[in-house]
Amino acid sequence: MRAQKCHPGRFALWGLVFMGVVVSGNMAFGQPRPEWRPLGPLPGDAMLSRYFEHEVAILRDNCLSEIKTRADWEQRCEEYRRQLREMLGLDPWPAKSDLKVTITGTIDRDDFRVEKLYYQSLPGLYVTANLYLPKNVTERVPAVLYLCGHSQVKVDNISYGNKTHYHFHAVWFARHGYACLVLDSLQLGEIEGIHHGTYRYGMWWWNNRGYTPAGVEAWNCVRAIDYLQSRPEIDPERIGVTGRSGGGAYSWWIAAIDPRVKVAVPVAGITDLQNHVVDGCVEGHCDCMYFVNTYRWDFPMVAALVAPRPLLIVNGDHDPIFPEDGVRRVYETARKIYRLYDAEDKIGIFVTKAAHDDIQPIQEAAFRWIDRHLLGKEREVYDPVEKVFTPQELKVLEEIPEDQLNTTIHEHFVPAAPIVFPENAAQWLELKTRWMNLLREKCFRGWPSNMPPPAWNNAKEAEADGIRLARAELSVQDQIALPVYCLSAAEGTPRRIDMELLDENDWNRWLSSLKVRFSEILSQDLVTDEEKGLQGSEEAWQNVKSQLTSSPGTLLILLLPRGIGPTAWNSDAKKRTQIERRFMLIGQTSDGMRVFDIIRAIQAVRRQNTWKGLTLTIKAQGRFGVLACYASVFEPVDKLILTEIPATHRNGPYILNISRVMEVPQAVLLAADRNRVEVKTQMMEDYQALVAAARRLGWSEDKLKVSPTQ
């Protein structure tokens, strides 16, 4: 229950901070921007909204649900920490190379000095930073790693780094007995990398690679602590971290994965999946704010990994990108783990009247918490911070190093799996076993389990021109029902089944033919103005009729996976980007879930008593052909016919972590192990290694055939 509204004085207020909760002066929780929550006006948008709510509820309810005792937590927490490192692209840890720290200049003030420096967290990955050191101290001092949010500082197209915007925090620490290292972030440093791969630039292959710039920021922090511990002025056992916004998120990553952090104060840097996915706050955040959610966590798990070290969560009460209700849910869930350690005094939440603002009450909260837990004292008065330097004074680099990898680190940070093919049957058994395990654990972990058999619902039939069309809905998952169309000659019984997977272009092509004779039964499935206005083509219809009548006994099933045709979601490019990012946040991709749709459709066909014993062939082209490969690995069919599929996942389909496991030709080989596969392509050279591997395994051409497109 929400505590009563109050306006205590300063000292009463601070007493409440360290008991755990400070109540906002504003009783209404901050809300995300209202335009973020709706996905769009289409029926598919409504279906998807219900789906996201359902999936988020599952992850929320599962978060830490298995932890009942301290022993439960201690048995699992190191594995959780490893999982987080993996989801940041840091498992295994990168090799710790020489930091090659270079100090390019110093600034002296009466009570502190600043060293302008850079180090290489990996060879060629430069981190520009400023180290603030107090003067007139006789013992080793505690250190604070200050991490910067998204404040760009550019003058005449020269980037001075976001460290220059936030430098006043470091000035306060240095004047009050701390060393403080302020890091530039990857995108907003003196060397400008990329945070917005999926948000802005359509780099969906980041999901395939399991790459997130959050991992780069976390690694830069790990190496920053290495550096701080090497400095003779600094006590290596007293290192804290704080930062706001993006820096608040990076504070979470480093505090969770590196126990050398003894106290953490993330400011406006975390909320839960309810806020991000359902309420739409993801639309206000770039990619550096998220790990790749392979293990399907809700964000309180990250907070729990700081336990039992001192943790203060700081936020404004009407921050639209970190709404108060979600921040409090994170706090309440994480507090359960602190309670197991009898350490509730080590976790606190400070919420004050503010939006996404860097104001003095928020700054004071951080300073006081760090004072208490790194210095063991509190001050009577916390003087305000002040800016004392220009960006030019704090600049580190005279010129950009020629060997820098900052601008392309997304290509290198998480390596793709090597493309290997088996030399013999024994090696093949080992490879396919490993691949199948990795597909289940790393790529398709977001599939539901223990699902009831798929059901056909709301079946309707119509006949015209000697052709029968049946339309049904296939329930493939909670909240997801897909239209399926079955075409056959009106006379005779089916002797074989062809299932064709339709993408957006295929759907429009089929519409132009089916509208000629079946406009009434299709009317409920026309959801866009373009579909409603599409004119039927008599020529296209005659081609369909000829296809069915020239192959008697063929039952043709048209499957439209989620997001296609009647279940299409918002066509606005920006909104579609945010829909795809929502999938990633719940440990899925839309393509990965389309594989599940295909599996469920195969299962539904196999369960039909009237179709038992009929051969089932799946036909697909482009990226949907690759999805058919993965589906047939888990639910085999008699044959796959794949036309002009891509030879690499770089441009799709996009499946979580898939490039860390295999590439498309390897997926085809895996499919051919359980199905007959025919690949039709103009790029025969892309499949030569695949064909050679099949021959080494003694497979017949009928089992795996690659031929040029006619």
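Neither end is out in the open: Arg594 is buried at a relative accessible area of 4%, and Asp591 counts as buried at 2%. Keep in mind throughout that this is a predicted model.

Salt bridges that share partners also build a network, made up of Glu79, Arg82, Arg85, Glu86, Asp91 and Lys442. In total, the count comes to 62 salt bridges.

| Pair | Closest N and O atoms |
|---|---|
| Glu86 and Lys442 | 3.1 Å |
| Arg471 and Asp525 | 2.5 Å |

What does the Glu86 and Lys442 pair tie together? Glu86 belongs to helix H3 (residues 70-87) and Lys442 to helix H14 (residues 425-443), so the link joins parts 356 residues apart in sequence. Both Glu86 and Lys442 are buried. Arg471, in strand S14 (residues 467-477), pairs with Asp525 in the loop between helices H15 (504-522) and H16 (529-533), so this bridge ties parts 54 residues apart in sequence. Arg471 and Asp525 are both buried too.

Now for helix H18, residues 573-585. With 13 residues at 1.5 Å a residue, it should span 18 Å, and its end C-alpha atoms are 19 Å apart, which agrees. At its start, a side-chain oxygen of Asp572 comes within 3.2 Å of the backbone nitrogen of Lys574. Buried residues of H18 include Ile579, Phe583, Met584 and Leu585, and also the charged Lys575, Arg581 and Arg582. Among the elements covering the buried residues are helices H2 (43-62), H5 (205-209), H8 (273-278) and H19 (590-607). After H18 comes Gly587, with a positive phi near 80°.

S19 runs parallel to strand S18 (residues 615-621), with 5 bridges between them, and the chain gets from S18 to S19 through helix H20 (residues 623-634) in a right-handed β-α-β crossover. On to strand S20 (residues 676-681): 5 bridges join it to S19, again parallel. S19, helix H21 (residues 664-672) and S20 make a right-handed β-α-β unit. Leu640 has bridge partners in both neighbours: Ile618 and Val677.

Finally, Gln31 is exposed at 55% relative accessible area. Its C-alpha atom is separated by 5.7 Å from that of Pro323, 292 residues apart along the chain.

Terms used. Residues numbered from 1 in each chain as written. Predicted model: local features only at pLDDT ≥ 70, side-chain atom pairs only at ≥ 80, totals over all residues. Heavy atoms only, no water. Helix = DSSP H or I, 4+ residues; strand = E, 2+ residues; numbered from the N terminus. Expected span 1.5 Å × (residues − 1). Buried < 20%, exposed > 50% of the residue type's maximum accessible area, 1.4 Å probe, protein only. Contact = heavy atoms within 4.5 Å. Polar contact = N/O pair within 3.5 Å; in protein donor to acceptor, adjacent residues only side chain to side chain. Pairing = 2+ DSSP bridges. Right-handed = clockwise from strand over helix to strand, strands pointing away. Salt bridge = Lys/Arg side-chain N within 4 Å of Asp/Glu carboxyl O.
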